[in-house]
Amino acid sequence: MVSIENISFGYENKEKILKNINLDIKQGECILLCGESGCGKTTVTKLINGLIPHFCEKHNLEGKVFLSGRHVAGTELYELAKSVGSVFQNPKSQFFNLDTDSELSFGMENEGMPPEEMKKRLKDTIEKLQLKKLLGRNIFSLSGGEKQTLAFASVYAMNPAVYVLDEPTANLDTQAIERLRKQIGILKREGHTVIVAEHRLYFLYDCIDRAFYLKNGKILCVFSKEEFHKLTDDARISMGLRSIQQAEVTLPQALPGGRRDGLSAEELSCGYKKAPPVFGKLSFSAIPGEILAITGYNGIGKTTLIRCLCGLVRERDGKVFLEGKEMSARSRRKQSFLVMQDVNHQLFSDSVLEECKMAGREHTEEQIRCVLEKLGLLPFLEQHPMALSGGQKQRLAIATAILSGKKILIFDEPTSGLDYVNMRAVSEVIRQLADANHIILVVTHDREFMQCACDRVLEIK
């Protein structure tokens, strides 16, 4: 079904990302591509779906990739799209419409599918993937996890033979991840080939047939399902891989509202325009020295809450206090720094170093280098932020938060797209910030990170 023969690849005159990759995937297999951030997983997926070389002008590509017997480099993208469907790490990059219904139909319309068959596939997609909740909605109103689900559904409606999923769980809650696991099971039973590049591994425990471990652009190990299951924790951690089992969260609940030694939300309600409140009468406290995890299902209001806390959205009712003093939205903006779920929105400069200088103008270059070294970003000092991998961008945004010097630091899914080593590095940095008397709030679905890094948990229901 997919054959990669002696592939080496790099951009322009830079060091090669992939080095002599050979890979054969049979029809109906579910394949995991795993390894540390920047090891080449996403590049492999782009070779399979044809984005490389068709959307890559200046590059150095050696070897060949075949999809269903067709040479990918020699086949037009519109022909490849009939056989391979992709779900990207950032689902917004593959949307073409403003509403969910149109997006679900978009791919089928582009194929020129007969209307009756379109209706049948659309109905089948909605029923099998349980999408009724997403119908008739504005795409810009969806949460990150809902966008990820919509992207998967729009590909499923086209019924390709091969699915390429790049970090599909990056923004999904536990319930949505379980739904994705079942959806991959449906694809396997229907005979589709599924290729998943992922850091979160537990949901694929029973799905995969083989796992390919990449390091520095090379395939170092190929595991059967049974061999992958037998990996010890020490071996897995040495490879930079996340837990193969679902982590259990045993954290105490958030402190009640009303404390005067930190941030306190009291009877807080928030909503958009004339729509019903996203959440109402929410009370809790976050104190210096502790890391508060905020969790809950996709679309429940977690991102709205933190946008309200940092003054980007005005509350409808209730109050926010800092150290006993009521704070207006404007004063909250001055005291807060938010690392967004989609960090592309907050990277502006033309190099990693300049991005950090913008965030903390009073810091010396040596201090900036120290922060970047802790986050594994020092080798990319002169690179353009948009040339970094998803996980590297995430860490750069965290570096700018550290350098901002703000009292309240809020992180929205800071470990999406991060491997084990970098998840631990982010955990340690956030812990150091808490120890330095910052107030830390973290929106996350990542149970492994939550248990590792956080002190308390606020679950929005």
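Buried means under 20% relative accessible area, exposed means over 50%, and partly exposed lies in between (1.4 Å probe, protein chains only). The model is predicted: local features need pLDDT of at least 70, side-chain atom pairs count only at pLDDT 80 or more, and totals for chains, interfaces and linings use all residues. Residues are numbered from 1 along each chain as its sequence is written, and side-chain values use heavy atoms, with hydrogens and water left out.

**Exercise 1.** Determine whether Cys34 is buried or exposed, and find how many disulfides the whole structure has.

Solution.
1. Cys34 has a relative accessible area of 0%, so Cys34 is buried.
2. A disulfide is a covalent bond between the sulfur atoms of two cysteines. The cut-off used here is a pair of cysteine sulfur atoms within 2.5 Å.
3. The closest cysteine sulfur to that of Cys34 belongs to Cys39; at 7.8 Å, this is too far for a bond.
4. Cys310 is also in no disulfide, as the nearest cysteine sulfur, in Cys308, is 8.6 Å away. Cys310 is buried, with a relative accessible area of 5%.
5. The search of the whole structure gives zero disulfides.

**Exercise 2.** Describe how the axes of helices H5 and H6 cross.

Solution.
1. Helices are DSSP runs (H or I, at least four residues), numbered from the N terminus. H5 covers residues 115-129 and H6 covers residues 144-156.
2. Their axes come within 10 Å and cross at roughly 135°.
3. H5 is therefore oblique to H6. Angles under 35 degrees count as roughly parallel, over 145 as roughly antiparallel, 65 to 115 as roughly perpendicular, and the rest as oblique.
4. Residues in contact (heavy atoms within 4.5 Å) include Asp124 and Leu129 in H5, and Phe152 and Tyr156 in H6.

Definitions and conventions:
Axes are lines fitted to C-alpha atoms, for helices over the stretch in contact, and angles run from 0 to 180 degrees between N-to-C directions. Helices (H or I, at least four residues) and strands (E, at least two) are DSSP runs, numbered from the N terminus.
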